[in-house]
Each structure stands twice: as C-alpha cells, then as structure tokens.
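Please look over the sequence and the structure first.

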Amino acid sequence: MAEGDARSTVLSRLTRAGDKGVLRFITCGSVDDGKSTLIGRLLYDSKLLFEDQIATLERDSKKHGTTGENTMDFALLLDGLEAEREQGITIDVAYRFFNTEKRKFVVADTPGHEQYTRNMATGASTADLAIILVDARKGVLTQTRRHTYIANMMGIRHAVLAVNKMDVAGYSRSRFHEIVSDYLRIAETLGFDTITPIPISALHGDNIFAPSEAMSWHDGPTLLAHLESVETATEEVANRPFRMPVQWVNRPNLDFRGFSGAVTSGRITAGDEIVAALSGKTANIARIVTADGDRNEAVAGDAVTIVLDRDIDVSRGDILADPKARPEVSGQFAAELLWMAEEEMLPGRSYLLKAGGQVTPASVTTLKHKLNVNTFEKEPGTSLKLNEIGVCTLATSRAIAFDPYADQRDTGSFILVDRFTNQTVAAGMIEFGLRRASNVHTHAMDVDQTRRAAMKGQKPCVLWFTGLSGAGKSTIANLVERKLAEGGRHTYSLDGDNVRHGLNRDLGFTDADRVENIRRIGEVARLFVDAGLIVTCSFISPFRAERAMVREMLEEGRFIEVFVDAPLELCIQRDPKGLYKKAQAGEIKNFTGFDSPYEAPETPELHLRTGEMSAEEAAEQVIDQLIKQGLIG
C-alpha cells in the first residue's frame, strides 16, 4: 500500500472511531512486567502505525531490542528516552493515542521503578482504568501493591489484572489462578467497581486482540474487547453538580468581563444562577462564550468563558458552582497524601498548596497514620518518606474551596510544592473538611495592635537571631534588649533554652520536633507583636522554611532576620554549654553542625560575623538596623 493510501486509511478509521467515547487508561506494575511491550503491541495490531514507524521499529529492535534478533521489540515504540533504551526501563510517562472502530483510547505508559512512583501517580490522575501488569514468573510484588493502591487512591474505578508473559510460564492455567487469587486478596478491599483478570503474552499477542489458542481455558474477554466495552464516568460527571474552576479573569476592555475555565462537572445554561464559592456571592449567567461564538449550554469537558449579569467578587482560583450544591470552603481538611520527595515530610513545615488555580501556604498539622503497602494496613508514624502514603490533616493560610476527592476529582485534588526548590513534593486527595475549622471564627477586638503600640509609643517587631550554637545569638539578643529597655522600649525575649523548659518541653531534637518548636515560637512571637512589643527571638532555627513561615505570620517589615554567623571551628572552641564536646563523643544526636544540617539565611536583613566583632559592636548594628527601618527613633 502506498504511503498516501495508508495515511488515508488511518485518518478514515480515526474519523469513524469513538461510538463509546474516549477511554483514558494507564499501564502500571513493577519493572520489566511488560507495560511498554503491551502498549506497543496495541499500537501495532491496531494497524495505525505508518510504514516509516514500522521500519524504524525494526531497525531499533536490532540495535536496542531485548526480544531476539528476528522479533520486533514493541517496547521501543514507547521508550523514547535514550536513558530508557539503554537501561531497559521507562522513566517518564509516555502518552499514546490509538483507536478501534468502537472507541478512541489515550494510554499512559507509566514507570515501574520505585524511584519514579511520582510519574505513575501523574498518569493515574486523569485515567478511567488501570491495567496492572504482573509477570507470570514473579507474581504479585510490592510495587504491584503500591501501584494498585495509588490507582484506587487517584480515583480509578476499573482495574484489569493482566498476567503477562504467560508464554514463559507455559501458559499454565494453575499459575494464572494462583496469581489472581493472591492479587484479589489485597485488591478486593479497595473498592474498585470492577477487577478483570486476563492472561496475556504481550510479546506474542495472546489474548490482546484475539483469543489465544494456547489458553483456550480462558473464558473471559480479550484485553481489547474489555477496553472497548468498559463504561466510563463521562455521563456520570455530566450529571454531577456544576463546577468550573476559574483559570483566568478575561478583561480585554472596559466593556467585557468574563471568567474562563473548563467545566469539570455538571452542565449550565444561559440564565442559570451560579455562586462564587469563596465569596458566597451569586449571580446569573448572561452569556456562555466560546471560540466559536456564544452557546446556550456548556457541559463537563467544555472550555468556556462565562459572563455574569452583575459584578461579584471572583478571581483566579475561585470555583463557580451550583448554589444548591456548593463546594466546601475551609482552611483545614483531612487528605490522603502520596509523598514524592527525597526529603521527608515534616508536620508543621510550610509548603505551597496548589489546588486548581488556588495557591496558598499550607502545612501538615497531623499525620494520622501511614499505609503499609504490603498489607494495606494503617500504621503509626510521625513523617512520610519518599513514596509513602498517609492520611493527614492540613491547614492553609487562607480558606480554599474544594470537594471531597471521591465526589469530584478535579476540585478535590491538590499538590504540595517546596517553597525554595519549587519541586512538587506531594499529591493529595481531600477526604473531608474539618468541622472545627468552619465553627471557629476570629473574634474582632476593640483594642488592636495599632492602639497597643501607640500606647507604648513604639512600632512592634520581631528580631529573629539565627545561627549555630555558640555563635553568640543569646548574648547579642540580651545586649539588644538591655539597650532597648534603657531607651524606654517595651520588649520581651524568647530564648531557645528557656522556652524548652516550659512551652516546648515535650519536644525533642528530631527534624520534625525542630519544625514544631519554631512553629510554636512563631505563634507566640506573633502574639507579643500584637501586644505592641519588640520581641527578640534567639533560636538556632536551622531550616529556611520555618524562618520563612514565621516571617509570613507578621506584617511586612515586622520580621528582622539577624544571621549570627561564626565558623563552626570557633563555635566548637567557645562551646559555652559543653554541647559540642558531647556531640563529638556521640552523647547527643541530631546536633546542628554535626549530624543535623543548618540552612544559612540567603538574604537576612542583618549579617553579623561574630568572629570579626565584639558582642557589643554586633548589638549596636542591630539597634542601627531598627533605626534604619524606622521601627525606633
């Protein structure tokens, strides 16, 4: 067939396909279970590959293939990265499109290696079905269990247990049923709508497009027949309450103001009443604008711009919704968290939470339990490490609008981002809002910070002294407070050792405890500033994230970071409390500078090198900084 005729045939089939809509599915499982080979086989047997692609596959199979000299290695259709071809593993998420005359498909080949679990979660987040591959020789592995749980956690309702490489297992019926039994013992408790076991050989095409003669004992469907017939949630999503996260406030001129986004669920028509979730204000839809002109109706999946009949408070990140079925609005909620970073999750640490267009600082307040991926049982824990899953409570700096993930995938999910590296560290699925968050309100007081400060004739602030033990923080802070008191200023001093005798005596020196120590100190310092005081805080405070968290608790200009900088050798030489000696002898664990890191400030308001100046000179520089910032006269 000529190249032009082949392309015409492919385009004709694409035009006819789709009676049952689009099915988005992922392939997942452990390393070398045959995920890429399976998708390559689907693409090849669907006859949608062009001649130049087949020729390239034949050439690459000879160069990189692992299936024998005369056998095409279908995995190479997916493993496009050179690193993947050399290692024989999938690193990134590879998306491919194919179709039959009944349906169109979008398939994600997700990584099997534990190191790339985050990529698998990305692929699962938009899928309707998961094909869990298991190597017939190896059976159900830990990564099989992890991927199964993540698929369910991400809202996938249909699972296919594809027991691959049955040719290597002699097409053994007993081996297939043994693996199915092992798998169902763990997967049946998760709540999938359907779990369909199918024995296959992706390499030879057994039970992929056509029934396998070598496995005539299998009375279930072929893989393709099942994919063509499984029902998706498209119609169900259209019948849910209306939701449209606002991605953009469209204001090209003074005469037009619209709110652009994609409808994630439900349907609307011109004239319907909607509510802006965050403000609670309602309005009616005047127009539904699209690139092809105005429409009378929009349904789930449509990208539209909504024009309202009156101005209400709506901004990017808000959610337009059905006023009779509103999303929750809260600053505290429970969520299931998949941790994706090498650096462990620490309760109390400040991250950026991104949910749709909503972005706000947030922290994990409590880790309720972790999940054992082998047994799916709940286990206690204080933090989450790479690829671990746990149920947590989170608090955000401002209230966000959301739905439980089980009800609305798009408005019930979020990610956490490290504030300094901008790395995505976690994916979260909201379970429910916390009632205590909606029942506790700020009580307005007649006497506020401004009035209290005016009574004292000063501008309150926090002087935050950070540095290694022995650098001179407490000494300088004490001198500064004395000078301020002599000038008639109202002050209070919070010192690391003193606070640990009372408020924080229940905390140790793990990273998690250090984070909580600073969080509590930050809250206390904020209250003292509200009382109109100048507060000195002397804490090692080794992590930038926690120092930034305290800064954000205060108004701009009220937090002065003072980096008390002395070389470690000088601190060891001083050793005023004998702590370095104990750390060197192994009597103290998690001691900053030895087996616990210190993250030096990058842009402090004041940098004091105490190896080059006296404590008195350093204190004078702090006073000068306060004068420079207009906090004292």
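**Helix packing and nonpolar cores**

Helices H12 and H18 are oblique to each other, since their axes make an angle of about 55°. This is a predicted model. The protein chain has 633 residues, of which 51% are buried.

**Overall make-up**

- The protein chain contains 18 helices and 28 strands.
- Taking contacts between residues at least 6 apart in sequence, 72% join residues at least 24 apart.

**Helices H12 and H18**

- Two packed helices are described by the angle between their axes and the distance between the axes.
- H12 covers residues 473–486 and H18 covers residues 615–628, and their axes lie 9 Å apart.
- The crossing of H12 past H18 is right-handed.
- On the H12 side, the contact is made by Thr475, Ile476, Leu479, Val480, Arg482, Lys483 and Leu484.
- On the H18 side, Ala615, Glu616, Ala618, Ala619, Glu620, Val622, Ile623 and Leu626 take part.
- Sorted by class, this contact of H12 with H18 holds ten nonpolar, one polar and four charged residues.

**Helices H14 and H15**

- H14 (residues 511–530) and H15 (residues 544–553) have axes that come within 9 Å and cross at roughly 20°.
- H14 and H15 are therefore roughly parallel to each other.
- H14 passes H15 in a crossing that is right-handed.
- From H14, the residues Val515, Ile518, Arg519, Gly522, Glu523 and Arg526 meet Glu546, Met549, Val550 and Met553 of H15.
- The contact of H14 with H15 is made up of five nonpolar, one polar and four charged residues.

**Nonpolar cores**

- In soluble globular proteins, nonpolar side chains tend to be buried together.
- The largest nonpolar core has 41 residues, and Ile26, Met154 and Ile156 have the most contacts inside it.
- Elements giving two or more residues to this core include the strands S1 (22–29), S4 (129–135), S5 (158–164) and S23 (424–433).
- The helices H5 (117–124), H6 (142–153) and H7 (173–187) also give two or more residues each.
- H7 supplies the largest share of this core, six residues.
- Apart from neighbours within four places in sequence, Met154 is in contact with Ala121, Ala124, Ser125, Tyr405, Arg409, Ala427 and Met429.
- A second, separate core has 30 residues, among them Leu463, Val480, Leu484 and Ile632.
- Val480 and Leu484 of this second core also belong to the H12 side of the contact with H18.

Technical notes: Residues are numbered from 1 along each chain as its sequence is written. This is a predicted model: local features need pLDDT of at least 70, side-chain atom pairs count only at pLDDT 80 or more; totals for chains, interfaces and linings use all residues. Side-chain values use heavy atoms; hydrogens and water are left out. Axes are lines fitted to C-alpha atoms, for helices over the stretch in contact, and angles run from 0 to 180 degrees between N-to-C directions. Helices (H or I, at least four residues) and strands (E, at least two) are DSSP runs, numbered from the N terminus. Angles under 35 degrees count as roughly parallel, over 145 as roughly antiparallel, 65 to 115 as roughly perpendicular and the rest as oblique. A crossing is left-handed if the near helix is turned anticlockwise from the far one by less than a right angle, and right-handed if clockwise. Contact means heavy atoms within 4.5 Å. Ala, Val, Leu, Ile, Met, Phe, Trp, Tyr, Cys and Pro count as nonpolar, Asp, Glu, Lys and Arg as charged, and the others, Gly among them, as polar. A nonpolar core is a set of buried Ala, Val, Leu, Ile, Met, Phe, Trp, Tyr and Cys residues joined through side-chain atoms within 4.5 Å. Buried means under 20% relative accessible area, exposed over 50%, partly exposed in between (1.4 Å probe, protein chains only).
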